[in-house]
Amino acid sequence: MLELRVGPVAHGGHCVARDGDGGRVVFVRHALPGELVRAVVTDDPGGAFCRADAVAVLEASPDRVEPACPWAGPGGCGGCDFQHTDHATQRVLKTTVLREQLERLGAGAAVVATADLAAVEVEELPGGPFGWRTRVRLAVDDAGVPGLRAHRSHDVCEIGDCPLVPAGALPPVLERRFRPDSELDVTVVGDGAARVGSGATVTAANRSWELSAGTFWQVHPALPDTLASVVRDWADAPAGGVAWDLYGGVGLLGSVLAGQVGESGTVLVVESAASAVADGAAALADLPQVQFVQGRAEREIARLRPDPDVVVTDPPRAGLGKAAVRDLAARGPRRIVHIACDPAALARDLSLFATAGYRTAALRAFDAFPMTHHMEAAALLERIPR
């Protein structure tokens with residue numbers, strides 16, 4: 001058992017403390033900056049740091065609240081990081097992490113040069129902190145009981161509900177028994193019912209998509225329209241021009257670009273998942289300017305023709321990386337709208353773009369995953385004239 005004075009929040013849903021004066025770094029979950037806590041070490045890889053859970057609060061932060069979920073505490077479900085603080089404070093913590101990652105990983109100078117980093121805040125989305133998750137993956141234990149995984153573990157935590165899912169949707173699924181040691185994709189459909197392994201009809205950007213089971217769609221109901229609005233405001237694709245939508249899924253953002261380039265233009269949506277390509281092609285069949293390319297975007301960048309005027313990128317959590325940024329910059333788009341779900345990956349990519357001749361002209365972030373440490377961000381990159 002450790003007694004720790006908790007320091008600043010860090011990326012990953014924990015705060016940083018030190019075990020004694022100048023001692024080892026301890027990454028503490030279920031704590032808030034400034035608190036004095038007793039903590040139990042949960043993971044000790046040796047070396048300079050370990051991980052711990054705060055199991056008793058000796059001096060509480062004024063921002064501490066009673067968690068809404070009884071399964072969210074130490075040793076319980078690992079899905080939520082910030083149940084122990086109010087929603088407004090969660091956004092402050094996430095904003096701190098976002099700014100710190102941009103400064104620490106080298107992108108701060110690139111952002112500050114063109115946009116005020118101190119003014120960047122993680123914005124609230126409509127709908128509040130609970131009941132927003134329309135899709136959830138459940139794990140099934142060796143007795144066939146569904147639940148959610150514990151933090152950094154394959155262990156299944158048996159739960160009675162989840163407050164992040166619309167009220168009443170999940171309990172009927174949790175009462176059932178399934179194949180042991182399996183996983184379940186659960187979708188909450190328009191009538192509020194939860195379906196296992198089912199597709200769904202979704203609507204955003206004034207269009208509808210019929211999604212097959214397993215096809216990706218953002219879990220927060222307000223995020224698709226929010227991102228579509230950002231692309232609509234920032235992309236400025238010219239009429240008759242060429243736009244790329246990389247890691248484009250079913251073409252949500254590609255449909256926005258299609259409206260800008262018009263029928264005389266071209267939109268190439270690049271997506272690796274066959275089901276997303278099929279669902280997107282069916283939904284956008286009335287837009288002849290949209291073409292779907294099935295493949296890994298980072299491999300297709302050098303092969304796509306013609307060169308783009310504007311590019312939208314929405315890569316996986318790891319970000320674009322050095323090779324993809326290099327290849328994309330070589331194609332010379334005037335503007336890039338870059339979407340990221342990890343602040344560290346965002347910072348690394350923005351720094352790479354700065355080196356490749358692009359400036360960060362605007363940056364926004366959204367609290368698309370309340371109660372967790374995750375966020376969604378979007379950056380507008382503009383090519384620097386030579």
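# Close-up views of a predicted model

**View 1. Lys322 sits in helix α8 (residues 321-330).** Helices (H or I, at least four residues) and strands (E, at least two) are DSSP runs, numbered from the N terminus. This is a predicted model, in which local features need pLDDT of at least 70, side-chain atom pairs count only at pLDDT 80 or more, and totals for chains, interfaces and linings use all residues. Residues are numbered from 1 along each chain as its sequence is written, and side-chain values use heavy atoms, with hydrogens and water left out. Lys322 has a relative accessible area of 62%, so it is exposed. Here buried means under 20% relative accessible area, exposed over 50%, and partly exposed in between (1.4 Å probe, protein chains only).

**View 2. Arg24 and Asp44 form a salt bridge, 3.0 Å from N to O.** A salt bridge is a side-chain nitrogen of Lys or Arg within 4 Å of a carboxyl oxygen of Asp or Glu. The pair joins distant parts of the chain, 20 residues apart: Arg24 is in the loop between β2 (14-18) and β3 (25-29), and Asp44 is in the loop between β4 (36-43) and β5. Both ends are partly exposed: Arg24 at 29% relative accessibility, Asp44 at 45%. By this rule the structure has a count of 21 salt bridges.

**View 3. Arg137, Arg149, Glu183 and Asp185 are linked in a salt-bridge network.** Within it, the closest N and O atoms of Arg137 and Glu183 are 3.5 Å apart. This pair also links distant parts of the chain, 46 residues apart, with Arg137 in strand β7 (residues 135-140) and Glu183 in strand β10 (residues 183-188). Glu183 is partly exposed, at 43% relative accessibility.

**View 4. Glu300 and Arg303 meet in a salt bridge of 2.9 Å, N to O.** Glu300 has 13% relative accessibility and counts as buried. Arg303, at 54%, counts as exposed.

**View 5. Leu138, Trp209 and Leu257 touch the most other members of the largest nonpolar core, which has 65 residues.** A nonpolar core is a set of buried Ala, Val, Leu, Ile, Met, Phe, Trp, Tyr and Cys residues joined through side-chain atoms within 4.5 Å. Leaving aside neighbours within four places in sequence, Leu257 is in contact (heavy atoms within 4.5 Å) with residues including Val231, Trp244, Asp245, Val267 and Val312. A second, separate core holds 33 residues, among them Val270, Ala340, Ala347 and Met375.

**View 6. Helix α6 (residues 274-283) has Ala276, Val277, Asp279, Gly280 and Ala283 as its buried residues.** An α-helix has 3.6 residues a turn, so residues three or four places apart point the same way. The cover over the buried residues of α6 includes β13 (207-211), β15 (266-271) and β16 (290-294).

**View 7. Met1, Val40 and Val55 make a nonpolar surface patch of about 290 Å².** Patches are made of residues with over 30% relative accessible area and no salt bridge; like charges are joined within 9 Å, nonpolar side chains (Val, Leu, Ile, Met, Phe, Trp, Tyr) within 5 Å. Accessible areas come from the Shrake-Rupley method with a 1.4 Å probe; for residues, only the protein chains shown count as cover. Val55 belongs to strand β5 (residues 49-59). At 44% relative accessibility, Val55 is partly exposed.

**View 8. The structure has zero disulfides.** A disulfide is a pair of cysteine sulfur atoms within 2.5 Å. For Cys77, the nearest cysteine sulfur is that of Cys157, 5.8 Å away. Cys77 is buried, at 12% relative accessibility. For Cys341, the nearest cysteine sulfur is that of Cys80, 17 Å away. Cys341 is buried too, with a relative accessible area of 16%.

**View 9. The peptide bond from Arg305 to Pro306 is cis, with omega near 0 degrees.** Most residues other than glycine have a negative phi, and most peptide bonds are trans. Pro306 lies in the loop between α7 (297-300) and β17 (310-313).

**View 10. Asn206 and Met371 each have a positive phi: about 60 degrees for Asn206, near 80 degrees for Met371.** Asn206 is in the loop between β12 (200-204) and β13. Asn206 is exposed, at 78% relative accessible area. Met371 lies in the loop between β19 (358-366) and β20 (376-383). Met371 is buried, at 4%.
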